[in-house]
Amino acid sequence: MNMDSSVGELSFVGPTYERRLEKLGIKKIEDLLNHVPHRYLDFSLTSPIALAQLGETLTVRGYVATIKNQYTRSGKKIQIAEIADATASVLAVWFNQPFLVRILYPGAKVSLAGKIDWFGRKKAFISPEYEKIAPGKKTVHTGRIIPIYPETSGISSKWIRGRVKEAFTLNKSGLLEFLPDQTLKTLKLLTLKDAIESVHFPKNLRAAEKGKRRLAFNELLLLQIKNVYRKLNWQKNRPVYKFQIDETLIETFISSLPFVLTSSQSRGAQEILEDLGKDIPMNRLLQGDVGSGKTVVAAIAAYASCKNGYETIFMAPTQILAQQHFETLTGLFKSFGIKTSLVTSETKKSEVKKADIYVGTHALIHEKVNFSEVGLVVIDEQHRFGVEQRAHLVKKAGRKTVSPHVLTMTATPIPRTVALTFYGDLDLSTISELPAGRKRITTWIVPPGKRDGAYSWIAREIKQEKVQVFVVCPLIEESEKETMTTLRAATEEFKNLKKIFKPLNVGLLHGRMRIKEKNEVLGRFREGKTDILVSTPVVEVGIDVANATIMLIEAAERFGLAQLHQLRGRVGRGEKKSYCLLFTQSKSPKVLTRLTAMTKSISGFELAELDLKLRGPGELFGSKQHGFPELKIASWQDIELIRASKKVALEAFENPQKYCQLIDLNIQLREYGTASKEKTYKKSKQ
Ligand code: ADP
Ligand code: MG
């Protein structure tokens, strides 16, 4: 047996248990040893029974004097035993475990651990941990600090403890260190073997913590190595064309804009232009709150690309946003002789007009455009595209070993630690401020009892202030695609609100509509003909209607904070005071904490950091399907360890000699490298 062996090789692990363990992500011995307890019980105090005090948590060792099953008045069976040692005896009580009388028969030597409490008028261990004492063997479940593991149905911590003990005993000589001594010393990390031992069999809680820190470091290091590898791999590409950046031309374009750039927009644009002038292709992520003005920054890059004589592709996550980007870009470039073309499901391949900038969704651009010389690919709301999709498009736009410059944008504020861990291969530009003059949006939580009141208030606002309202229906399933259930919910809500708000005009927008229909609905809303627009969550991002001042979100608890924040960003774009109403039926304190944060914080970054703490990164984007691996051992709060892992990863690539023991990670790296290559290869052959 070695670290790569299946857990099936351990005693008591047959196919059923293998399946259960797999639910915990455990397949190999290595996974089991890296299954870190989420807490510990301290049973290390062992005491003679005579000295055991009420309220104490401790271990006693003795023999079973008597044991019996007893029925309670409610007909349940309890097990009552008397355990004695040389000093005294004490009661132990369990509930509904009638088999215990067979295991703990009178005379059996036993070790018990738990808290001493009252049982009727007597002192007793209530549901203590127990194990029989075998000569020459150390106890596993009592008499020490006991790990409590993440469990799944059919697998208890007690069971895991036994398997971990066996796995560790049989494999400890195989736990080879892969980090150089010096690195361990500098970072104050335990060796791999010590770490695993400390995590599962800690001498004290501090030791357990130190062990966990090392294993967390390993987890992060692996991610960081992948990042560095991806980045180096990307940089091996050559850009299709090297750009000449003509500052004066760019200045002219910028001064043609109807507003002055904010300083972080300028900085972002500057960083991008610098990348474009280099002879390695850009791979940059531009992040900025909703409404911070990312589009225009991308437009500046597109302008540079066009002025160099190359095509630009502008990808949006939805048709509606593509349309909106198309209109914006066409407006911005009108007087510069730059042609824009919108690629929709209705345009035929042969009809796609030759242009400098193609705007559309990923799928459409993919199908319908024959590129000639793509200099730049802009991807809006990048988290909606899988890494694979992105790679594919970039490959298609470029040529085998060359690549266009790639700018991805996101309105989801990415907390620093996440950016460092998962987007470590991308360069990052951040727009940290909103254009001046934006007004604060008042946010309220609306419990069921206040629903009617909220509706009357909305009706009044519409009448008196002549404003418009977005209603976003709940996210029914954790899915990127709009499902039929989601659609039905929106349709129901639409009918419902039509009745409630009679005779106001209510519109419905969802992802299954044809683009023409969607445009008509949106057009009517823009022109102010529709008062209330009901939509599915899928159409969340980017729609820009200045007169819409109320955002009503149903079942707000189902959304991530970052997502709620994005939705809220749809209002507050004009002169009038804007509001966001978060409808929820939930009374859970955790939910209310999150939603209350929405009423207090206006910074997307603060909200994202908070969500990260409360829900984890998978939820950050509102869905677990973004290929966003959850950290199992490491924590998002640990910026120091995340930084250290990044540093070591870089060093390992610079100085492979020193890190020659990094075999395990290297193997995974190689696998990673070939896997991603094969995929791209297969796809592009289709
Ligand atoms: P997002 O970052 O959410 O994509 P947009 O690019 O859609 O934001 O910009 C939101 C709105 O702000 C647009 O109407 C845009 O014209 C406007 N805008 C962008 N930059 C500025 C600026 N510096 N000053 C004023 N308004 C701006
Ligand atoms: Mg945008």
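A polar contact is a pair of N or O atoms within 3.5 Å; within protein, one of the two must be able to donate a hydrogen and the other to accept it, and residues adjacent in sequence count only if both atoms are side-chain atoms. The structure is a predicted model, in which local features need pLDDT of at least 70 and side-chain atom pairs count only at pLDDT 80 or more, while totals for chains, interfaces and linings use all residues. Residues are numbered from 1 along each chain as its sequence is written, ligands are numbered from 1 in the order in which they are written, and side-chain values use heavy atoms, with hydrogens and water left out.

Ligand 1 has 16 residues around it, of which Val-260, Gly-291, Lys-294, Thr-295 and Arg-438 come nearest; a residue counts as near if one of its heavy atoms lies within 4 Å. This shell divides into 5 nonpolar, 6 polar and 5 charged residues, where Ala, Val, Leu, Ile, Met, Phe, Trp, Tyr, Cys and Pro count as nonpolar, Asp, Glu, Lys and Arg as charged, and the others, Gly among them, as polar. A nitrogen atom of the ligand lies 2.8 Å from a backbone N or O atom of Val-260, and a nitrogen atom of ligand 1 is also 2.8 Å from an N or O atom in the side chain of Gln-265. For Gly-293, a backbone N or O atom is found 3.1 Å from an oxygen atom of ligand 1. Of the 570 Å² of accessible area that ligand 1 has on its own, the protein covers 75%, as computed by the Shrake-Rupley method with a 1.4 Å probe.

Two backbone features stand apart from the ligand description. Most residues other than glycine have a negative phi, and most peptide bonds are trans.
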